[in-house]
Every structure is written in structure tokens, then in C-alpha cells.
Amino acid sequence: MQELLDGFKKIDLGRLALVALSALVYSLGMNTFVKSGNLFPGGYAGISRLLSMVAQDRFSIHLDFSTIYFAMNIATTLFVWKRIGHHFVEYSVVWFSLTSLLTAILPKYTVTQDILLIAIFGGIVNGTAVGIALRANASSGGTDFIAVDLSNRLHRSSWNYIFASNVCVLLVAGFCYGWNQALYSIIFQYASTQMVNTLHQRYKVTRLQIVTDKPDEICAELFRICRHGITRLECYGAYSGKDHAMLLMAVNNNQVKSILKKIQEVDGRAFISLNPVDRIIGNYYQEPLD
């Protein structure tokens with residue numbers, strides 16, 4: 001715990017601003033869409049909301065959503081502290097702490113009475129908030145920690161797996177409060193998951209095929225900016241009748257822009273093709289979260 005507190009001594013203000021913005025958007029979405037539509041969001045937010053409602057309705061015990069949500073996240077934070085980058089965890093603590101506070105103090109507001117619109121646009125707002133946090137190298141904690149750990153191990157996005165696990169929470173919610181709200185909550189969570197997948201590129205991989213006459217120079221420059229291996233093949237241009245080299249490499253999507261820029265600086269005549277990669281098996285370097 002002392003290491004966690006010491007980590008907050010060095011604060012990146014830009015990163016902190018994005019985390020705060022994300023927490024604000026998420027909290028507004030909770031009070032504007034989730035509560036007005038009586039929906040169940042994914043992850044610990046959904047579990048906390050369900051526990052709060054069950055405690056109140058079945059046992060007449062008042063358990064505040066924000067208190068449950070914060071307690072569950074703190075417990076998970078201590079569990080994953082040794083498994084995920086410390087700064088990533090620290091800024092995630094800031095995120096769910098702010099979310100717990102803002103959800104409790106911000107007013108509730110109803111935008112529309114149409115439950116389908118609430119589910120779709122509420123999911124978009126929810127996913128956008130989480131996506132902003134992830135782009136700032138933070139998260140909403142809870143099941144996001146699990147998703148990040150799985151993504152590190154599998155070298156692929158695992159948010160759809162988390163979506164599948166959220167369905168289990170919705171089954172309990174449907175049994176307790178009716179299937180209508182549970183089914184609309186699936187639409188909400190699906191929209192949210194797709195927004196996260198769109199905004200978060202860290203665990204998506206692209207294969208680059210580079211045909212060039214300057215393979216040594218390109219390899220030297222790329223090794224300066226990334227740690228991915230490069231396969232070199234000799235090839236022959238059927239039209240030009242000249243010998244060339246083909247470089248093959250797989251990189252994270254968030255590195256593609258800088259790599260393409262560097263290649264074009266070295267060889268403006270290089271021919272480059274890009275293809276999405278579904279999965280990687282074998283040795284592949286994934287830059288750790290800081």
C-alpha cells in the first residue's frame with residue numbers, strides 16, 4: 001500500500017486531466033442514462049448496482065452504490081498491484097475514486113423516456129468514457145484490470161470476453177427485476193464494448209510488408225523506435241526486373257503511425273502494405289504498461 005501512495009508523488013497533469021474527464025463522462029452517463037433507464041452496466045458498476053438494489057428491495061438495507069463500487073475496486077487493486085504496471089494502477093485508482101464521488105454528488109437527469117435510445121446512447125457514452133481512460137493508460141479498475149491482464153497474456157483484445165462474463169450478472173438481474181431491463185442492458189453493454197474496442201488500440205496488431213531497396217537502413221531506424229523483430233526476404237520485381245528486399249513485421253496499432261513515418265523518411269519509394277492480425281502465437285514483445 002505504501003508503494004501505491006508513493007506513486008502519486010509524480011503526477012502527469014495531462015494524463016490526470018484525461019482521467020478526470022473520463023470519470024466525469026462516465027458519471028454523467030450513469031446518472032443520465034443508466035439510472036433513468038434502470039439498466040445494469042458492465043463490470044463492477046453493474047455488480048455494485050445489483051447488490052445495492054437487492055439489499056434495499058429484499059432486505060431493506062441501504063447500501064450505497066458508490067461505497068460498494070469503491071470497496072470492490074480497492075480490493076481488486078491490491079490484488080493486481082504486482083501483476084500490472086504501477087502507474088497504470090495508480091491512475092485507475094484516481095479514476096474509480098473520482099467516479100465514486102461524482103456519481104454520488106452529480107444530479108440525476110432524464111434525457112429521454114425511450115428505453116432503446118437510453119440503452120444505445122448510454123452504452124456509447126459509457127464506452128467512450130472507458131476508452132478515454134484506456135488511451136490515457138488508466139482504466140475503470142475492476143474487470144478492466146482482468147481484461148488488461150488477459151490481453152497481456154494473449155496478445156489480443158479481451159474486452160469481448162469481459163462482455164460475455166457481464167451476461168452472467170444480467171441473468172441474475174433479469175431473474176430478480178425482470179428480463180426486459182436485462183435484455184436492454186445487453187444492448188447497452190454491447191454498444192459500450194464496441195466503443196472501447198474502437199478507441200483502445202493497444203492490444204490490436206498490424207502486420208507490415210515493406211518492399212524496399214534500403215532494408216539495412218530501415219531496419220536500423222526501426223530498431224531505434226521499437227523492439228519488434230523483423231524478417232527479411234529477398235524478392236524480385238517482375239515488372240522492373242530488379243532485386244528488392246521485403247521486410248515483414250508485426251506491431252501494435254498505436255506504433256503504426258510512427259513506424260510508417262520513419263520508413264518513408266528513409267525510403268520514400270518503399271512499397272508498404274498493412275493487414276490486421278487476429279492472433280499471435282510465439283515470441284512477441286508487448287510494451288508493458290507504465
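Is K262 buried, exposed or partly exposed? In this predicted model, K262 has a relative accessibility of 22% and therefore counts as partly exposed. The cut-off for buried is under 20%.

K262 forms a salt bridge with E265. The closest N and O atoms of this pair are 3.4 Å apart. Both residues belong to helix α11, which spans residues 253-266. They are three residues apart, about one turn of the helix.

Across the whole structure, five salt bridges were found. Among them is the contact between R232 and D216, with 2.7 Å between the closest N and O atoms. This pair links distant parts of the chain. R232 sits in strand β2 (residues 231-236), whereas D216 sits in helix α10 (residues 215-225). The two are 16 residues apart. R232 also meets E234 in a salt bridge, at 3.2 Å from N to O. Accessibility was computed for both of these side chains' residues. R232 has a relative accessible area of 40%, so it is partly exposed. E234 reaches 60% relative accessibility and so counts as exposed.

The surface also carries a nonpolar patch, formed by L116, L117, I120, F121, I124 and I187. Together these residues have about 450 Å² of accessible area. Helix α6 (residues 115-135) gives the most to the patch, with five residues. L117 lies in helix α6. Its relative accessibility is 37%, so L117 counts as partly exposed.

Key. Residues are numbered from 1 along each chain as its sequence is written. This is a predicted model: local features need pLDDT of at least 70, side-chain atom pairs count only at pLDDT 80 or more; totals for chains, interfaces and linings use all residues. Side-chain values use heavy atoms; hydrogens and water are left out. Patches are made of residues with over 30% relative accessible area and no salt bridge: like charges are joined within 9 Å, nonpolar side chains (Val, Leu, Ile, Met, Phe, Trp, Tyr) within 5 Å. Accessible areas come from the Shrake-Rupley method with a 1.4 Å probe; for residues, only the protein chains shown count as cover. A salt bridge is a side-chain nitrogen of Lys or Arg within 4 Å of a carboxyl oxygen of Asp or Glu. Helices (H or I, at least four residues) and strands (E, at least two) are DSSP runs, numbered from the N terminus. Buried means under 20% relative accessible area, exposed over 50%, partly exposed in between (1.4 Å probe, protein chains only).
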